Amino acid sequence: MKIELNENKVFLENKGLKKEIHPFWLRERIDGDKYIDQITQQRLFDPTELKNNIKIDKLNLSDDFLEVTFNDGTYNKFNVKNILKEFLNDSYNQNVAKVKWDSSLKISNNFNFEENIFEKKSMYEALIHFYKYGFVIFKKVPTENNFIVNFANSIGSVRRTNFGEFFNVKSKPNPNDLAYTSLPLAPHTDNPYRNPVPCIQLLHCIENEVTGGLSTLVDGYNVSESLKKDYPEYYKILTETKVRFQFIDRSVILENWSEMIELDQNGNFKQVRFSPRLDFVPLIDKEKLELFYSARKKISELYNSNKYRIEFKLIPGDLIMMDNHRLLHGRTRYDTNEGNRFLQGCYIDYDSTEGKLKHLKRELNI
Ligand SMILES: [Fe+2]
């Protein structure tokens with residue numbers, strides 16, 4: 001990718017394709033002290049107040065800099081690298097290649113909590129691991145004073161829900177969700193009824209004295225890709241049928257309509273939603289429903305099969321961060337008479353991990 005000039009026009013050349021860069025696009029990127037606050041990098045002028053007919057009067061290109069004089073009398077020396085950077089997609093969420101996994105996955109890369117970890121390279125590596133596998137486990141995270149909130153806010157910002165800023169997972173009387181019982185929980189994604197669905201769940205193990213209550217994870221991305229290959233008709237209907245997900249509590253009714261496998265605008269994997277106690281398919285044609293029910297049964301079988309599920313025990317101090325748009329999680333049954341099992345959880349969104357990664361990249365020169 002490079003910048004080229006022709007008369008008073010600037011072109012971006014990329015793999016043989018040449019596109020003119022609009023003069024206004026350059027004009028609103030003028031970056032001298034007079035135009036940009038050098039600390040926040042925010043504009044000191046409002047580009048909507050500029051005239052539309054901005055043109056280029058004079059141009060000069062060297063290896064590193066592009067000098068432009070515009071027809072409104074302004075001049076700027078652009079760093080070519082900064083211009084080219086704008087054409088790169090620097091989203092970690094999209095650029096870190098997902099590694100599909102199944103039950104054969106060995107959890108090896110655990111990251112020990114340490115003082116100031118949030119500014120260290122190990123945090124950068126942990127977050128990259130998160131984007132590859134959809135989860136990461138931190139060990140020896142302090143278990144006092146609802147530390148999970150502190151942890152989440154040190155990466156980004158806690159996403160508060162109607163369960164509160166954070167929630168306690170232990171069996172309790174009259175629970176408003178099956179999570180707060182000792183029953184097994186089949187693989188599911190959290191809060192599919194919320195709009196938007198929280199992106200990342202953090203779960204911190206405070207106490208675990210029981211022999212059961214193993215944590216389970218399934219790679220929804222891998223399962224949906226397998227479904228696409230082996231059962232294309234099922235894949236198609238699950239990616240095309242919007243389902244109502246619903247949660248009814250005393251003070252709120254939450255509903256969201258979406259596909260069980262949601263694709264992006266290019267038809268690629270975006271998100272899975274699966275919570276078979278909360279989903280309601282609309283009354284579509286009987287033949288379509290016939291296919292939908294078979295497809296949902298099949299994907300449920302896959303999500304619940306030994307082929308895809310990993311099981312492991314969280315011990316006190318373990319904190320797992322998992323992608324709620326990609327992975328399904330659950331737990332095995334446990335016996336409350338054996339002792340305490342106590343986890344704390346909260347959510348953050350992708351802007352937290354993306355923002356942290358970009359910050360660490362800048363600070364650590366990665
Ligand atoms: Fe859950």
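How many bridges join strand β13 to β14, and in which sense do the two run? The points below answer this and then turn to the rest of the fold.

1. Basis. This is a predicted model, in which local features need pLDDT of at least 70, side-chain atom pairs count only at pLDDT 80 or more, and totals for chains, interfaces and linings use all residues. Residues are numbered from 1 along each chain as its sequence is written.

2. Strand β13 (residues 243-248) is joined to β14 by 6 bridges, and the two run antiparallel. Strands (E, at least two residues) and helices (H or I, at least four) are DSSP runs numbered from the N terminus, and two strands pair if DSSP finds at least two bridges between them. Within β14, Asn256 stands opposite Phe245.

3. The six-stranded sheet. A mixed open sheet of 6 strands has the order β7-β8-β19-β11-β21-β9. Because β7 (110-112) and β9 (167-169) stand at the edges with a single partner strand each, one side of each has no neighbour in the sheet. Strand β9 pairs with β21 (residues 341-348) in the antiparallel sense over 3 bridges, and Val169 has Leu343 in β21 as its bridge partner.

4. The packing of α4 and α9. Helices α4 and α9 (residues 350-364) pack at about 140 degrees, with axes 10 Å apart; axes are lines fitted to C-alpha atoms, for helices over the stretch in contact, and angles run from 0 to 180 degrees between N-to-C directions. This makes α4 oblique to α9, since angles under 35 degrees count as roughly parallel, over 145 as roughly antiparallel, 65 to 115 as roughly perpendicular and the rest as oblique. Residues of α4, including Tyr124 and Leu127, meet residues of α9, among them Leu357 and Leu360.

5. The core. The largest nonpolar core has 61 residues, and those with the most contacts inside it are Phe135, Leu202, Ile299 and Met321. Such a core is a set of buried Ala, Val, Leu, Ile, Met, Phe, Trp, Tyr and Cys residues joined through C-beta atoms within 7 Å; buried means that 20 or more other C-beta atoms lie within 10 Å of a residue's own, with C-beta atoms placed from the backbone. Helix α4 (residues 121-133) gives the most to this core, with 6 residues. Leaving aside neighbours within four places in sequence, Phe135 is in contact (C-beta atoms, placed from the backbone, within 7 Å) with residues including Phe130, Leu217 and Met321.

Notes. A residue is buried if 20 or more other C-beta atoms lie within 10 Å of its own, exposed if 12 or fewer, and partly exposed in between; C-beta atoms are placed from the backbone. Two residues are in contact if their C-beta atoms, placed from the backbone, lie within 7 Å.
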